[in-house]
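User: I'm new to this one. Can you walk me through it?

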Amino acid sequence: MQYFLIIALQGYCVYHAIKNKSNYYWFFVIMLLPVLGSIIYLFTQVFNKKDLDVVQDEIVNVINPTKKIKDLQKQLDFADTFQNRVNLADALLEAGDYTYAIQEYEKAHNTNNDVGVLKKLIEGYYQIKNYEKIISSAEKIVDRSDFKGSRSQFLYGLALEEDQQSEKAEEHLRQIDQRYSNYKERYTLAQFLLKKGKTEDAKEILFEILTEAQHMSKPNRNKYRTVVHDVKKLVSSI
């Protein structure tokens, strides 16, 4: 296995060198020093400083997820701007600290009636199951063209269902049924329709997902493997 990895690494470096018309001496470095030469080539010719900074930041965030939040909090303390507050709220939301994320988004929204922040608030409210807040927030932007078919509209539909407004919920949930996208949401929609006794409508969505799954790229097959498995399981149970 190690041998094949080295060959693959060399092959990529040679391919990159040919494609980018690198100086001829790089071919000698890559071939005569398979591992070291390839690594040197990657870090000097393939990756740039910006790439390395991004990789380094991602590694630090994985090892110490609170560091990013602390750094963004310091930025906000230094300059209390709308964007700095939103950046902190985004990091808190990503870390699963929904209560504090919502607090920061609400402060940001109070100073700037930004639609993007309102949509993130809807996401945060959904995570803590505050359906009343989802409904009141969504109704502020329900007539916007960029609301239709968005995740915010989908969450609005789910909140309406929780609020016993089933017909209105279905109207909004169906907007998420868009071909070659929204697989998890469409699976949830199918479950919703089954619960309402609309089996044929649910089947149509489920079979569409299975058909689309046959044409997915490899990255998307891996990304949506679980939901496709769940769709197959649900179809077999109907």
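Analyst: We'll take a helix pair, then a pocket. This is a predicted model: local features need pLDDT of at least 70, side-chain atom pairs count only at pLDDT 80 or more, and totals for chains, interfaces and linings use all residues. Residues are numbered from 1 along each chain as its sequence is written, and side-chain values use heavy atoms, without hydrogens and water.

User: At what angle do α7 and α8 pack?

Analyst: About 155°, with the axes 9 Å apart. Helix α7 covers residues 98-111 and helix α8 covers 115-127. Angles over 145 degrees count as roughly antiparallel, so α7 is roughly antiparallel to α8.

User: Which residues of α7 make the contact?

Analyst: Y98, I102, Y105, E106 and H109. From α8 come V117, L118, K120, L121, G124, Y125 and Q127. Contact means heavy atoms within 4.5 Å.

User: What classes are they?

Analyst: The contact of α7 with α8 has 7 nonpolar, 3 polar and 2 charged residues. Tyr counts as nonpolar, and Gly as polar.

User: New topic. What volume does the largest pocket have?

Analyst: About 200 Å³. A pocket is an open set of points on a 1 Å grid where a 1.4 Å probe fits, with protein on both sides within 12 Å along at least five of seven lines.

User: Which residues line the largest pocket?

Analyst: Y126, Y131, L158, E161, E162, T188, Q191, F192 and K195. Lining residues have an atom within 4 Å of a point. They divide into 4 nonpolar, 2 polar and 3 charged.

User: Which helix gives the most to that lining?

Analyst: α12, with 4 residues. α10 (151-162) and α12 (183-195) each supply at least two.

Conventions
Axes fitted to C-alpha atoms, helices over the stretch in contact; angles between N-to-C directions. Parallel < 35°, antiparallel > 145°, perpendicular 65-115°, else oblique. Points joined across faces, edges and corners; volume = space filled by probe spheres on them.
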